[in-house]
Amino acid sequence: SGVQYPLSQRHLGCLVRDQAGHHFAHRVTMTTLAITLLPSGTRGIHTTRQSLLPAILVEGLTPRVPEDCPDIAAIFCFRDQDAMVDGVVNWLGERFPEDEALVSLELDLSGLAAVATCEWELAVTAPVPPSRILTWSVI
């Protein structure tokens, strides 16, 4: 088990894995994070409940403030498939009901506003329309 840091309104939390493979909360001061426009070709993988998929395919994704990270309204995306699998297996899967299937959505994030919260995650601060959902699959 790793060290747990409390999160405040001035910090954004991110789970980090140390060299021994332990996960711990890492906090990043919001003033050190910059919102940037993502370069052309940037992809991200968003994971959510399968029951939400029909609405997402029609309406797209809207930035929301998660209960466990009240500092930023965003659509949280893994940077690649390996990061997504690692996240779902190690910590993200625990946030969803055990009896509900999950889906991963590959998104075209080119030109959208985002914050790089840590090495494997982007917090997209702009809505993602359905036309930017490239593929989806049940996890």
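Because the model is predicted, local features need pLDDT of at least 70 and side-chain atom pairs count only at pLDDT 80 or more, whereas totals for chains, interfaces and linings use all residues. Residues are numbered from 1 along each chain as its sequence is written, and side-chain values use heavy atoms, with hydrogens and water left out.

The protein holds two helices and nine strands, where helices (H or I, at least four residues) and strands (E, at least two) are DSSP runs numbered from the N terminus. Read from the N terminus, the order of the elements is β-β-β-β-α-β-α-β-β-β-β. Of the 139 residues, 40% count as buried; buried means under 20% relative accessible area, exposed over 50%, and partly exposed in between (1.4 Å probe, protein chains only). Contact is taken as heavy atoms within 4.5 Å. Among contacts between residues at least 6 apart in sequence, 69% join residues at least 24 apart. The exposed surface comes to about 8000 Å², and carbon and sulfur atoms supply 52% of it; accessible areas come from the Shrake-Rupley method with a 1.4 Å probe, and for residues only the protein chains shown count as cover.

Strand 4 and strand 6 run antiparallel and are joined by seven bridges; two strands pair if DSSP finds at least two bridges between them. Within this pairing, Arg 49 stands opposite Leu 102 of strand 6.

Ile 45, in strand 4, has a relative accessibility of 9% and so counts as buried. The C-alpha atoms of Ile 45 and Leu 107 are separated by 6.1 Å, although the two residues are 62 apart along the chain. Beyond its neighbours within four places in sequence, Ile 45 is in contact with Phe 76, Cys 77, Phe 78, Asp 80, Gln 81, Met 84, Ser 104 and Leu 105.

A pair of aromatic rings is described by the distance of the centres and the angle of the planes. Rings of Phe, Tyr and Trp (its six-membered ring) pair if their centres lie within 6.5 Å; planes under 30 degrees apart count as stacked, over 60 as edge-to-face and the rest as tilted. A search of the whole structure returns one such pair. The ring centres of Phe 78 and Trp 91 are 6.2 Å apart and their planes meet at 55°, so this pair is tilted. Phe 78 belongs to strand 5 (residues 75-78) and Trp 91 to the loop between helix 2 (81-90) and strand 6 (102-108), 13 residues apart. Both Phe 78 and Trp 91 are buried.

Side chains of opposite charge can pair when their charged atoms come close. The structure holds four salt bridges, each a side-chain nitrogen of Lys or Arg within 4 Å of a carboxyl oxygen of Asp or Glu. One of them joins Arg 43 and Glu 106 (4.0 Å, N to O); Arg 43 lies in strand 4 and Glu 106 in strand 6, so the pair ties together parts that are 63 residues apart in sequence. Arg 43 is partly exposed at 36% relative accessible area, and Glu 106 is partly exposed at 29%. Another salt bridge links Glu 100 and Arg 49 (3.3 Å, N to O). Since Glu 100 sits in the loop between helix 2 and strand 6 and Arg 49 in strand 4, this pair connects parts 51 residues apart in sequence. Glu 100 is partly exposed at 22% relative accessibility, as is Arg 49 at 29%. In a further bridge, the closest N and O atoms of Arg 132 and Asp 108 are 3.9 Å apart. Salt bridges that share partners join Arg 43, Glu 106, Asp 108 and Arg 132 into one network.

Trp 136 lies in strand 9 (residues 133-138) and is partly exposed, with a relative accessible area of 41%.
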